[in-house]
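I opened the sequence and the model side by side and kept notes as I went. The entries follow in the order in which I looked things up.

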Amino acid sequence: MKKIELLSGDEALARGAYEAGLKFAASYPGTPATEILEYLAKFDEIDAQWSVNEKVAYEVALGASIAGVRSIYSSKHVGINVAGDPLMTSAYTGVGGGFVAVTADDPQLQSSQNEQDNRLIAKFSKLPMLEPSSPAEAYKMAKEAFDLSEKFDTPVIIRLTTRVAHTKENVETGDRTEIENKPFTPNAQKYVMVPGHAYKKHIALEAKLAELQKSAQQSELNTMQINDKSLGIIADGAAYLYAKEVFPDASFLKLGFVYPFPDETIKKFAKEVKELYVIEEQEPFIEEHVRQLGIDVKAKDISYRIGELSPALVKEIVEGKIKTEKPSTARKPVLCPGCSHRSVFYALKKLKAVVAGDIGCYTLGALKPLEALHTTVCMGASVTIMESLSKNLGHDKVVGVIGDSTFVHSGITGLVNAAYNQAKGLLIILDNSNTAMTGSQPNPATGVNAKGKPTKKLILKEICKAAGADIVETMDAFDKNLQNKIKELMSKDALCVLIARFPCRMIDRSRQSPPVFNKDKCIVCGACLQVDCPAIYKNADGKITLDAFLCVGCNVCVSACKVDALHRAQ
Ligand SMILES: Cc1ncc(C[n+]2csc(CCOP(=O)(O)OP(=O)(O)O)c2C)c(N)n1
């Protein structure tokens, strides 16, 4: 039954996949892709899972495809790096049931550690890529991607960016079509990628790409709109919408099937128009290819490769300007009041520890005034960088800090490595029983699955011991002795893990009474402000204010106060 539904790009893509008979979905949370799996997990017809990381997600999804069912992988752009190993070789194996891999990129780093443009992954991996400009297109392309995948025996990548993933639009949805599973027949030439087989597969892949290019040239996803011929614009994704808004009368070649490039279509369009521009966000992906075709084209200055575009910036590009816009610093992100990460970072700051950090809410420990986290590179890198910092700077000075979800994602291997290579030092696992940063998804250490059902629970203490840690202790993250415990473990000549445990405020909203604040004793020394809690701040009149509405009574500020102005409530 046809229905109009207000859907985000993520939801629309997921809806399209559901209607295309999808039976298996795997993902690891990451903005702006998270809502794809969250949407799919609601359907009984779909076996949907949060995998422990993106490599695992890609592999289980590919495995489901090999078993014959339509399957989907989704992650944020950097997740594709983690999944890179199976992804690259899946271009050789091809698929069983239709297999779609979604990358949701984050230009402008709304919530990411880098701004990589995953259109380049399509070229690198030799996989076809579709790119919608809107939720309605994402819905349509999800269906097309499965057909394309089965027709050409290849995974198909769909690339979203934050604007498309999180924009909402009315989308006309329909019914699900059940698709018969493809039979699985053992076929070593296809699925066992030893050199002899893979070499032949690479030859076949090049031929497949040529066929895919013909398909891109005929595809309705690449549309030519000939209007005013004095200005022709080639654009994709959100950039197409911005360009269309600024130059409604121009001629357009809108690319939706972005890789392999539809060369003949591009050449034809270039001949039609007088002045040709490529308007694209991030890397000069289309621009460089158009130039390679020997076509004279104008495009953005290098300064516009950083951050998102907007209609105003598209106008500037065509005016030949250089980008002057600076990143917004309007609002500093901050840990929630009562967040258990705060007490750990406050203790680490006091101990003047060198802290190898990781990615999660706790990365905020790097910001002023806490400034208690000194490296963040990628997920899992706290444990490995801690190993090297400890060996070089002294294990009594260095601490690694990682969240529970990140530890399961890629921290366990680092801990095994540290033990195997006889590293010493302290790793603190901030166990808030949540993947908080991405909006409270469960993970193996929470004992709940993607469908919200109880499942086997990973016991962090046991896995740390099994990985080879010499000492593993667990402590309440708000324990008054936390700082002493960290100090004690830092001084041990051993590989130690401290699991600092307290449920995330997003899942346990219970409150204790705020501390008692004796204003008369307060000398406005600012010590309490060093804990960086939104519930305690300096007023316009220069006085310290404790906001009882925001405060949940964690008492970290009490431990910071040097003049007894703050007391635990009795
Ligand atoms: C490779 C990769 N995948 C996913 C993400 C998105 N992401 C950032 S932090 C995080 C996990 C946070 O959970 P946890 O480690 O438990 O810390 P918390 O936010 O709960 O404090 C995720 C999934 C990412 N940045 N990089």
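Which residue is the bridge partner of Ala26 in strand 3? I found that Ala26 is bridged to Gln49. Before going on, I noted that residues are numbered from 1 along each chain as its sequence is written. I also noted that this is a predicted model, in which local features need pLDDT of at least 70, side-chain atom pairs count only at pLDDT 80 or more, and totals for chains, interfaces and linings use all residues.

**Entry: strands 2 and 3.** I looked up strand 2 (residues 24-27) and strand 3 (residues 47-50), which pair in the parallel sense over four bridges. Two strands pair if DSSP finds at least two bridges between them. Strands (E, at least two residues) and helices (H or I, at least four) are DSSP runs numbered from the N terminus. I followed the chain from strand 2 through helix 2 (residues 34-40) to strand 3 and recorded a right-handed β-α-β crossover. Right-handed means that, with the strands pointing away from the viewer, the path from the first strand over the helix to the second runs clockwise.

Entry: I wrote down an open sheet of seven strands with the order 3-2-4-5-7-6-12 and mixed pairing. Strand 3 and strand 12 (257-259) are at the edges with a single partner strand each, so one side of each has no neighbour in the sheet. Helix 1 (residues 9-19) lies across strand 4 (71-76), strand 5 (99-105) and strand 7 (156-161), at about 155° to strand 7. Axes are lines fitted to C-alpha atoms, for helices over the stretch in contact, and angles run from 0 to 180 degrees between N-to-C directions. Contact between two residues means C-beta atoms, placed from the backbone, within 7 Å.

Entry: Strand 10 (residues 228-236) and strand 11 (residues 250-255) are parallel and share six bridges; I noted Asp236 with Leu255 as bridge partners.

Where does the ligand lie? Domain 1 and domain 3 both give residues to its shell, so the ligand lies between them. I recorded 25 residues around the ligand, the closest being Gly360, Gly403, Ser405, Ala436 and Met437. A residue is near a molecule if its C-beta atom, placed from the backbone, lies within 6 Å of it. Helix 4 (77-82) and helix 17 (404-420) each give two or more residues to the shell.

Entry: Most residues other than glycine have a negative phi, and most peptide bonds are trans. Leu109, in the loop between strand 5 and helix 6 (119-125), has a positive phi of about 45°. I found a cis peptide bond between Tyr259 and Pro260, with omega about -5°. The bond from Lys368 to Pro369 is also cis, with omega near 0°.

Key:
Domain bounds come from an automatic or database domain assignment.
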